[in-house]
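Here is a report on one protein chain.

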Amino acid sequence: MFLAYLSVKEATLHYVIYIDILFLVNFFMDFIILTLNGTVLKKKTKTLRRLIASFCGGVCYCLPFFLPRRPIKLALNLYMLCISFLMVKIAYQIKSKKEFAKTVVFFYGTSFFVGGTINGLYNYTKLGDYIRQIIKGDKDAQIEFSMLIVLICAACFLWTFLMKCYSKRQTEAIIYSVILKNKKRTVKGKALLDTGNCLREPISQKPVMLLELSWAEDLLEREIWEAIVKFYKTGEISIPIYLIPYSSVGKKQGVLVGIRADSLEILQKDNRIEIRHPYVAICPEALSKTGKYHMLLHTEWFHG
């Protein structure tokens with residue numbers, strides 16, 4: 001949470017707190033922090049989840065202000081810690097305790113960084129005076145030209161930095177070690193998380209991964225593998241298999257041969273994703289020009 005609970009002597013000083021402003025400030029700050037935290041940790045999360053987490057954080061932060069008496073400091077700190085746990089749990093899909101603890105630590109680190117930066121700009125530059133004048137409704141409030149240039153440059157730099165981080169994350173090749181099993185046969189290799197992979201089995205509409213034909217030889221029975229090779233050469237099919245239509249740049253449409261494997265394990269740094277009976281499309285061409293990976297994963301498997 002960005003704001004701290006005020007500690008004042010009611011006999012000598014009173015603060016007027018606008019609860020709607022308090023909620024909005026915390027809501028937007030929580031959303032920014034959750035977004036930055038997800039970018040740093042390279043966590044895929046939906047905007048809706050971050051919005052819900054930020055909303056819950058803003059509401060929970062405002063609740064203590066409705067209490068008849070100010071809670072003790074220890075209880076308040078524990079309450080704020082629980083709110084952080086709640087927001088992290090809602091915003092990100094975390095399965096292991098180690099990953100959850102790491103995310104919470106980075107969440108607080110991001111909070112201190114953002115809060116400290118804003119606090120420094122507010123208290124040690126003329127920006128704070130200008131904001132106070134605007135809040136008071138001073139129509140004659142003016143900002144110096146030099147300060148305006150600094151603010152514009154800072155905003156442009158921050159925007160450029162965030163966009164570069166976002167672009168790098170979108171285009172970065174995320175490669176995982178995977179284990180594919182089918183009828184007591186196992187293939188271990190590298191797979192790329194391809195955001196452009198939209199393949200689905202046409203009847204069940206379940207996601208489909210891609211596997212190079214050369215690697216499928218160790219996964220399939222000899223008869224099935226030879227039948228698939230024959231299909232790609234002649235277009236003839238002699239065994240019951242799945243046909244998965246696709247479209248790509250340079251070729252409007254086509255058909256890939258598919259199978260249904262027993263299981264797929266995706267090995268992450270702090271997590272393991274297991275997919276039961278995944279659909280696998282056999283690709284007759286190499287998926288990587290450099291040979292860094294031989295399979296393409298579907299993004300849906302990384303979302304709950």
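## Helix packing

H1 passes H2 in a right-handed crossing. This is a predicted model. Helix H1 spans residues 19–41 and helix H2 spans residues 47–62. They pack at an angle of about 140°, with their axes 8 Å apart. H1 and H2 are therefore oblique to each other. The cut-off matters here: an angle has to be over 145 degrees to count as roughly antiparallel.

Which residues of H1 meet H2? On the H1 side they are Ile-19, Leu-22, Phe-23, Asn-26, Phe-27, Asp-30, Phe-31, Leu-34 and Thr-35. On the H2 side they are Thr-47, Arg-50, Leu-51, Ala-53, Ser-54, Phe-55, Gly-57, Gly-58, Val-59, Tyr-61 and Cys-62. By class, the contact of H1 with H2 has twelve nonpolar, six polar and two charged residues.

H2 also packs against helix H3, residues 73–91. The angle is about 165° and the axes are 8 Å apart. That makes H2 roughly antiparallel to H3. The crossing of H2 and H3 is right-handed. H2 contributes Arg-49, Ile-52, Ala-53, Cys-56, Gly-57, Cys-60 and Tyr-61 to the contact. H3 contributes Tyr-79, Met-80, Ile-83, Leu-86, Met-87, Lys-89, Ile-90 and Ala-91. The residues of the contact of H2 with H3 divide into twelve nonpolar, one polar and two charged.

The table sets out the two pairs.

| Helix pair | Angle | Axis distance |
|---|---|---|
| H1 and H2 | about 140° | 8 Å |
| H2 and H3 | about 165° | 8 Å |

## The chain overall

The protein chain has eight helices and nine strands. Of its 304 residues, 35% are buried. Take the contacts with a separation of 6 or more: residues 24 or more positions apart account for 63% of them.

## Cysteines

How many disulfides are there? The count comes to zero. Cys-56 shows why: its sulfur is 6.2 Å from the closest cysteine sulfur, in Cys-60, and that is too far for a bond. A disulfide would need the pair of sulfur atoms within 2.5 Å. Both Cys-56 and Cys-60 are among the H2 residues in the contact with H3.

Is Cys-56 buried or partly exposed? Cys-56 counts as partly exposed, at 22% relative accessibility. Cys-283 is buried, with a relative accessible area of 10%.

## Charged residues that are buried

Lys-43 sits in the loop between H1 and H2. Its relative accessible area is 12%, so Lys-43 is buried. The C-alpha atoms of Lys-43 and Ile-94 are separated by 9.5 Å, and the two residues are 51 residues apart along the chain.

Glu-99 lies in helix H4, residues 97–124. At 13% relative accessibility, Glu-99 counts as buried too. What does Glu-99 contact, leaving aside its neighbours within four places in sequence? Its partners are Lys-43, Ile-94, Asp-270 and Asn-271.

## A buried strand residue

Met-295 lies in strand E9, residues 295–297. Met-295 has 0% relative accessibility, so it counts as buried. Val-178 is 117 residues from Met-295 along the chain, yet their C-alpha atoms are separated by 8.9 Å. Val-178 is also in contact with Met-295.

## Positive phi

Most residues other than glycine have a negative phi. Two residues here call for a check of the backbone.

Gln-205 has a phi near 65°, a positive value in a residue other than glycine. Where is Gln-205 found? Its place is the loop between strand E2 (185–193) and strand E3 (208–212). Gln-205 is partly exposed, with a relative accessible area of 44%.

His-277 is not a glycine either, and its phi is positive at about 50°. His-277 is in the loop between strand E7 (272–276) and strand E8 (279–283). At 39% relative accessibility, His-277 counts as partly exposed.

Technical notes:
Residues are numbered from 1 along each chain as its sequence is written. This is a predicted model: local features need pLDDT of at least 70, side-chain atom pairs count only at pLDDT 80 or more; totals for chains, interfaces and linings use all residues. Side-chain values use heavy atoms; hydrogens and water are left out. Axes are lines fitted to C-alpha atoms, for helices over the stretch in contact, and angles run from 0 to 180 degrees between N-to-C directions. Helices (H or I, at least four residues) and strands (E, at least two) are DSSP runs, numbered from the N terminus. Angles under 35 degrees count as roughly parallel, over 145 as roughly antiparallel, 65 to 115 as roughly perpendicular and the rest as oblique. A crossing is left-handed if the near helix is turned anticlockwise from the far one by less than a right angle, and right-handed if clockwise. Contact means heavy atoms within 4.5 Å. Ala, Val, Leu, Ile, Met, Phe, Trp, Tyr, Cys and Pro count as nonpolar, Asp, Glu, Lys and Arg as charged, and the others, Gly among them, as polar. Buried means under 20% relative accessible area, exposed over 50%, partly exposed in between (1.4 Å probe, protein chains only).
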